[in-house]
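Subject: Structure for your review

Dear colleague,

I am passing on the structure below, followed by notes on what came out of the analysis. Please read the notes with the model open beside them.

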2 protein chains.
Amino acid sequence: MSAASLPTAIEKLGNLLGKRLSTGESVREHHGRDESWHTPALPDAVCFPESKEEVASVLQICSAHGVPVVPFGTGTGVEGAVVPTAGGVCIDVSGMNEVLGVRPEDMDCTVQPGVTRKQLNTYIRDTGLFFPIDPGADASLGGMAATRASGTNAVRYGTMRENVLSLTVALPDGRLISTGRRAKKSAAGYDLTRLFIGSEGTLGVIVELNLRLYGRPEAMSAARVYFDDVADAVNAVIETIQTGIPVARIELLDEIQMDAINKFSKTDFPLKPGLFLEFHGSNASVREQSEAVGEICEAYNGSAFEWTTGEEEQNKMWAARHDAAYATMALRPGARAYATDVCVPISRLADCIRETREDIASSTDLISTLLGHVGDGNFHYVLLVDPNDPEEYEQAKVLGERMAMRALEMGGTCTGEHGIGLGKRELLEKEFGEDGIAVMLSIKQAIDPKGIMNPGKIFL
Amino acid sequence: MSAASLPTAIEKLGNLLGKRLSTGESVREHHGRDESWHTPALPDAVCFPESKEEVASVLQICSAHGVPVVPFGTGTGVEGAVVPTAGGVCIDVSGMNEVLGVRPEDMDCTVQPGVTRKQLNTYIRDTGLFFPIDPGADASLGGMAATRASGTNAVRYGTMRENVLSLTVALPDGRLISTGRRAKKSAAGYDLTRLFIGSEGTLGVIVELNLRLYGRPEAMSAARVYFDDVADAVNAVIETIQTGIPVARIELLDEIQMDAINKFSKTDFPLKPGLFLEFHGSNASVREQSEAVGEICEAYNGSAFEWTTGEEEQNKMWAARHDAAYATMALRPGARAYATDVCVPISRLADCIRETREDIASSTDLISTLLGHVGDGNFHYVLLVDPNDPEEYEQAKVLGERMAMRALEMGGTCTGEHGIGLGKRELLEKEFGEDGIAVMLSIKQAIDPKGIMNPGKIFL
């Protein structure tokens, strides 16, 4: 980008979008960070397109002038993927928030990228269908696809990888392509859909999504159980998964997380490691599943196992669970959360959690909470750091890296669902090696030869 | 490839592999075709590597000399993907047929690419696990991944796309990369695993696979039901899927296919369109599922619905179903099968089948049978053509293309599971448009800059 190019590009964008182009300080600040500890940076301008054609036009202009582009959904990411470290133009898709079509007979729908998951579920409530992916935050579906998000329901319903049928993408030079059709399967050509899912805005802008929907289960039940020891809880999870019980959610929380939740959500869960579970199915099936898991937990010394189909009780428990991250942060006002995110084969889950727990206990006084989508082998330690204390950051970073290396050694990945963004670029190199990274970079170069798309993300 | 390069490359390959390099006529002929109507072509030599390192060495040599390379599994494909239209070197991976590891606790395994699906299932029988993807033929798992194969069980268990955890791939220049880890999910970088799945040997050679396994269900039942009309059968399928009954298989066969099967497999199924179904679950659940589907079929005038948990009865029915393609071919000895393979959103399935049926009835006298994995919206008409009659080929081709265009107009794909190979390259362009194809070609160029990998396939 030459110095002269940026003002010209911004002028052209202003002609295109009028007031939907902003260079105001507060708007730029709002688009300079996500929910993570990563240092903010300001975009030079923020666009608010209202159609895929407008996104394409924005990209044509930015491409012509070599201006960096960062797509932005709700800013609820946690690895700094939307931080415009190279400045340039932020494309905020939150105004593209229409549900374009719902086809109950095909159990799918078409949405613009700014539609959030809660908005979609509210919109389709009367159809008896729901969209299951739930990363906690009420993220935009475009952002969720870009991050390959998952969350609590993934153990049963899969991640964005499995639940996006196809995408419309605006390429860096402004061409619009469809990555596939609405058919449930296809053997036609390269899997462009999966290539863009998880590409974190580095290959183009997702401007439309075809998503799978599911019939709302006839019955849902929730269960809670507590253990004296995290290892027992994890072993109960492993056996549950291996037995093939189709749990919809199976969430691990340690005693510090429980404490944080009790304080934040005014609950009175025992201060012990525990599992929160959810079952979907027929009335008979949720009973069968709940009881089967109850027996497994008992065998691992789980206590106070209780399950309920009562809606109020379930909502209260899951609301508390959803606020877990905020509850953790409230343990140390003013602190920021350093979130880790490994995922390992389930046979190594107990080892990975135990070793990490010991590592944290022996090497820092930082407050940390454990939260895991353990049915998938995915868990997070969140460490609370003083944003003004570089030493605390360093401690958290070193622990996070050791944790990721531990997961890699166990056949796992450095990120189950948060993405690479800024924070895990070195770890990605460890995970894929020089040649794997070279292949990714060659794809990046092929699709974004000018390197304007979210520069500095995923790759060092 | 300069004229001088090929002999030099073959000489070097001979030094590397000794007798495991063949230039014999019959070996070359065996590797010159698949099971389709596509015109065979001979490779100049066939390699039989025994390790991934040997595959890498073969690729290094071929790359250095610009020699085309065609990976070969069992040769059971049906779109000509293994036909070496540009000559060069065929890499037959059938000697790489070891199961390298089975981890029941993680419900996954690692195999070499030449392991066939039946071989794997026999190998793991004692673990209580199974690998569900079943394209009919006893194909190699490497070939199944390369083709993004699926088949009868996909409606419940997904396709190769969902059931490969990660791959080891030999790149065109001989570098070996791992496309991912064994974790159930990951948000780390571009999805190289899914990129190679379905790439039909045009980006590299799959040399190792990590695959998901499933617990063998406690109970299995099979059911059969017949209809006066294909449309009724399809509508019963649509309602079954929309109701959310987790059928494991739901296969449609028309009356001509039934007749072919009866003759070939000595069965006495009524000569009517029918559904063959399978249910997996607990004893209670398979009963519940079977009965629920029975009720749906009755509402659509299905007759003689019967279900059984008897193993012998089930085996007989599925063996007959598996031989359906051979049964069809036996209807006209000496003929070759022209197989079609569209997949549409389920709401359009009845229309797509009806219009295709009418089109075939009104425009050809060729014998045709209908067979469909209809739970996914995927079906095949197979047309029997005289290999020596170009006019018959032309008729089949025109019908196949009209059928694919019909599927595309309905939001579907030109190939649900067979791949593009040689036969559907023009249709791929229709499906993705110029810009979509350009993106695929840019990826091809990035990963295989010399264009040695399976040239002439997928793309025109």
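At what angle do H15(B) and helix H16 (residues 425-447) of chain B pack, and how far apart are their axes? The two helices pack at an angle of about 15°, and their axes are 11 Å apart, where axes are lines fitted to C-alpha atoms, for helices over the stretch in contact, and angles run from 0 to 180 degrees between N-to-C directions.

Before going further, some conventions. This is a predicted model, in which local features need pLDDT of at least 70 and side-chain atom pairs count only at pLDDT 80 or more, while totals for chains, interfaces and linings use all residues. Residues are numbered from 1 along each chain as its sequence is written, and chains are lettered from A and ligands numbered from 1 in the order in which they are written. Helices (H or I, at least four residues) and strands (E, at least two) are DSSP runs, numbered from the N terminus.

On confidence, chain A averages a pLDDT of 96, with 99% of the residues scoring at least 70; pLDDT is the predictor's confidence in each residue, from 0 to 100. The model scores ipTM 0.97 and pTM 0.97.

To return to the opening pair, H15(B) and H16(B) are therefore roughly parallel to each other (angles under 35 degrees count as roughly parallel, over 145 as roughly antiparallel, 65 to 115 as roughly perpendicular and the rest as oblique). Their crossing is right-handed, a crossing being left-handed if the near helix is turned anticlockwise from the far one by less than a right angle, and right-handed if clockwise. In this pair, B:Glu401, B:Ala404, B:Met405 and B:Leu408 of H15(B) meet B:Leu427, B:Lys430 and B:Glu431 of H16(B), where contact requires C-beta atoms, placed from the backbone, to lie within 7 Å. By class, this contact has four nonpolar, no polar and three charged residues (Ala, Val, Leu, Ile, Met, Phe, Trp, Tyr, Cys and Pro count as nonpolar, Asp, Glu, Lys and Arg as charged, and the others, Gly among them, as polar).

H15(B), residues 390-409, also packs with helix H14 (residues 349-363) of chain B, at an angle of about 160° and with the axes 10 Å apart; H14(B) and H15(B) are therefore roughly antiparallel, and their crossing is right-handed. The residues making the contact include B:Cys352 and B:Ile360 of H14(B) and B:Leu399 and B:Met403 of H15(B).

In chain A, the axes of helix H9 (residues 230-243) and helix H14 (residues 349-363) come within 9 Å and cross at roughly 160°, so H9(A) and H14(A) are roughly antiparallel. This crossing is right-handed, and the residues of the contact divide into seven nonpolar, one polar and two charged.

Finally, the interface: 65 residues of chain A are in contact with 64 residues of chain B. The largest share of the side of chain A that touches chain B, 13 residues, comes from H16(A), and the residues of that side divide into 24 nonpolar, 25 polar and 16 charged. A rotation of 180° with 0.0 Å of shift along its axis superposes chain A on chain B, with RMSD 0.0 Å (least squares on the C-alpha atoms of residues with pLDDT of at least 70 in both). The two copies are thus related as by a two-fold rotation axis, and 98% of the contact residues of chain A recur in chain B.

With best wishes

How values were computed:
Two residues are in contact if their C-beta atoms, placed from the backbone, lie within 7 Å.
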